[in-house]
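Please keep the sequence and the model open while going through the points.

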Amino acid sequence: MKKIFEIKPIEYKHSPSVKDASDRFIPHLRPLKSKPLADRPCIIIDNGSYECRAGWSFEETPFLKFRNMVAKPKTQVNKAIDAMHLVGDELNEFDAGKLAKRSMFDKNIVYHYQSLEHMLDYTFGHLGLAGESQIDYPLLMTEAMCNPNHCRQNMSELLFECYRVSAVSYSVDSLLSFYYNQSKRNENFSVPNTSGLIVSSSHQVSHIIPILDGQVALESTRRLALGGSHHLELLNKSLNLKYAQHKNTLQNPDAIQYIMENHTYCATNYREQTLYLEGLFNEERAYQLEEERKKREALYGNANAEYGSKEEEKKSTISGRKIVTAVYKGRTQRQNELEGEDVVDREDHIIQLPWQQEPIPTDDEIRRRHEMRKEQGQKLKEIMQRKREEKKRKMEDELADLQSLEAYREQNQVSVFNEEIQNRGVKNFEEYKKKIRLLQIKLGIKSAEEKKPDEEKYNLLEIADEFLSPEELKRKRIQKMQKTAAMLREERKQVQKIERDKIEEFKQSDPDSYLRQLYAKRKEIMDRIAERQRRKEEFSKRGSKAAQRRLQMMAEIGLGAENEGIQKKRGRPPAAQDQGGMQQGEDDDFGAADEDWDVYRGIAKDGFSDEEEDDQQGLNELEEQIAEIDPKFANLIYNTSKQPTAEDYQIRLWSDRYRGSEILFQPSIVGMENAGLSEILENILSPVSQAIREKILRCVFITGGHTKVPGFDKRIKQELTMINRAGTPINIVKCFDEQLDAWKGGAWLANNFFSSKGLNEYSISKAKYEECGHHYLKEHFCSNFFYGPKQGGAGVMQLSKVVSLLQDKVQQSEGQLKRVKV
Ligand SMILES: Nc1ncnc2c1ncn2[C@@H]1O[C@H](COP(=O)(O)OP(=O)(O)OP(=O)(O)O)[C@@H](O)[C@H]1O
């Protein structure tokens, strides 16, 4: 049996209260407040586009960890609520549909500073600083690699001007994680000796950062704009496309996130893995077909097992049950062998989506449904019977009425008789006679002649013609015809009886074929009903051609009073209608107004009803017959085995398990023309010397939340091995915690490097900010480089310096001009 995985509901965290945070931190912070700034604890904020982690440097792990989203309730109730902003776990306390969420990030760059402000309010408030007028502590904030100056500038402005933070240090998350891990693993750790290659993949982007002797090789650093969010999106799209029936569950982002975090992995070799799964799929299909064939054989016998395509049939016999069983055994054995080992599970996964079982009907319930269906059939029969009786009564009345006119003839009032029959739509006496006879036949009334015994009825047949008068000869001919017709009738009855007997015999001798015949008839009726339904729907659609044509026809023949009423309502001059029908060149706009369609729908409703009833009755009778013979069918109809089962709510992950992470290596899967990670690694490593390559490959450091996908490190090793033809040893180092190491690295940096004079070397103090301007960045081994006008530059650049720079430029361009002229 294959293992079936469940989707566990995500437990939403609740935001800690501001009071709890104050109770926790204020006793710690109070004695530290009087100390110099460098000796005070540092606030560490790892401001990630997926999650924000914040806490004090004296703690082991971040106190706050929340989805970096800000939301506004969509209420419009009152101003106070409308102005409210929810951050992080506060969002979980509201109905997701009633919130307008937004992220402050574009890719992994902060661009919406209003949201940032809400996030910082929340963070400082929940770190025990709710009552403070300014943040009297150093702050370490993470930022993206090569964060644009403009973004940092806005950030500094907000922190210094709005929150009056004492000192701010900016660091890159993956560098923090790298150095933190190095220091923890390496006893002789010193920044200038550290070299390595950081491979980081987080929510929106992935980075490859080579580090040489404690320096980031910026010109070789690369960013790939793909990360966990793209993986999630691809998985979401593919599952929703494949399992459209489970849209409700699969459109829930939490369910997809759960699947991604627990069931996806990174294939070491994409193509080989795809072929492997294809093999599994084919084996399983063959097994299924084999089983189906066996079932059919059991049900219909070997000769009749002709369902399914010949191709599939062939395939199933090639593999055969034996092979399939062996395959299953092999798979189980392989899985058992792998258990406990550090091997990525490459099999397909079956996921059980949440569902609710409907109660299985008891025998009594099935019987009740059967009875109900029978009752419905009976009712339909009764309705038909009533209709027939009504028709018969009408015909009897008509017959009686017509026969009553005979009295006028008997009283020699021929003109009155003629007038009366003409009033009833009958032209002359001949037609009158015919009509009476027709009604009698329909009502099954025998004429006086027919009631006589055969000898009397056909008394002239035995007499030779020469003994008969011309009148009798004529009657003899009629008697002859009547006798032949009666004989034919009798013969037909006999044939019908024989047919019935044959069917009964056929039913007894070959019930399967008989059953199939019944099924065929049922299908015929059902097709007819479906076709009628389709036509009905077609007519009821305003835009359909059939409906337009029908409406046009109705408009042309004129809809009498009803139509007239509508036209009056629409304010048309009555003269136009009086002329009858449509005038040449008159614009026919019947159908343009909604009322026209009401008339049409009224007409469209009646039609088909008699045929429908006949078909429905026929279908009921057939189903009764089938159910008597085929218990499976009875179950299908009355037991409604269509009831959903757990299997109906299962989804199967095949390539979905590894296709999402493959986008990092083949961005073309999501339509991007970028180079993938393997190509980027090759571009970085091929131009460098062997000595440098050796240094770098000694520590290939993997970090970032998205690298949690099992097998990611193995894939990177595989790619590097293929690039590294010289056979340089490759050492893959996985970080301790993919998501928290950046924060922990921040705490490590603050605790080890910020004390006494260190703080000034690693952070921008308020005084420095005011002196050097908002773009100022203090560079250190975990930070970004500053690009643009040099530190303490543009903002404070002397005017004389600017003028001399401009003069230099002018001179240079003049020199170039001269050269061109010569
Ligand atoms: N077990 C897991 N398997 C695969 N992906 C995961 C797993 N856990 C988390 N992720 C993904 O990792 C990503 C978050 O990574 P991380 O926490 O490093 O991002 P971040 O630091 O918030 O963002 P960024 O650094 O891009 O601004 C998310 O896309 C998340 O879906």
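1. In this predicted model, the side chains of D615 and R532 meet in a salt bridge, with N and O 2.7 Å apart. The pair links distant parts of the chain, since D615 belongs to helix α23 (residues 609-629) and R532 to helix α18 (residues 511-540), 83 residues apart. Are these two residues buried or exposed? D615 is buried, because its relative accessible area is 8% and the limit for this class is under 20%. R532 is buried as well, with a relative accessible area of 5%.

2. The structure holds 33 salt bridges, and another of them joins K476 to D465, at 2.7 Å from N to O. K476 lies in helix α17 (residues 470-509), whereas D465 lies in the loop between α16 (454-457) and α17, so the contact ties together parts that are eleven residues apart in sequence. K476 is buried, at 12% relative accessible area, while D465 counts as partly exposed, at 40%.

3. A further salt bridge is formed by R367 and D364, whose closest N and O atoms are 3.2 Å apart. Where do these residues stand in relation to each other in helix α11? Both are in α11 (residues 363-404), and because they are three residues apart, about one helical turn separates them. D364 is exposed, with a relative accessible area of 52%; the class begins over 50%.

4. Some salt bridges share partners, and in this way D46, E51, R53 and K65 are joined into one network. Strand β3 (residues 51-56) and strand β4 run antiparallel and are joined by four bridges. In these strands, E51 has R67 of β4 as its bridge partner.

5. Strand β4 (residues 64-67) may then be examined face by face. Which residues make up its covered face, and which its uncovered one? L64 and F66 form the covered face, whereas K65 and R67 form the uncovered one.

6. The ligand is the next subject. It is surrounded by 21 residues, and the closest are S49, R53, S202, H203 and G705. An N or O atom in the side chain of R53 is 2.5 Å from a ligand oxygen, and a polar backbone atom of E51 is 3.0 Å from an oxygen atom of the ligand. G705 also contributes, with a backbone N or O atom 2.8 Å from a ligand oxygen.

7. How much of the ligand's accessible area does the protein cover? On its own, the ligand has 650 Å² of accessible area, and the protein covers 95% of that. The elements that give two or more residues to the shell are β3, α6 (228-242) and α8 (253-263). Of the shell, the largest share comes from α8, with three residues.

Terms used
Residues numbered from 1 in each chain as written. Predicted model: local features only at pLDDT ≥ 70, side-chain atom pairs only at ≥ 80, totals over all residues. Heavy atoms only, no water. Buried < 20%, exposed > 50% of the residue type's maximum accessible area, 1.4 Å probe, protein only. Pairing = 2+ DSSP bridges. Near = heavy atom within 4 Å. Polar contact = N/O pair within 3.5 Å; in protein donor to acceptor, adjacent residues only side chain to side chain. Areas by Shrake-Rupley, 256 points an atom, 1.4 Å probe, with all protein chains shown as cover. Salt bridge = Lys/Arg side-chain N within 4 Å of Asp/Glu carboxyl O.
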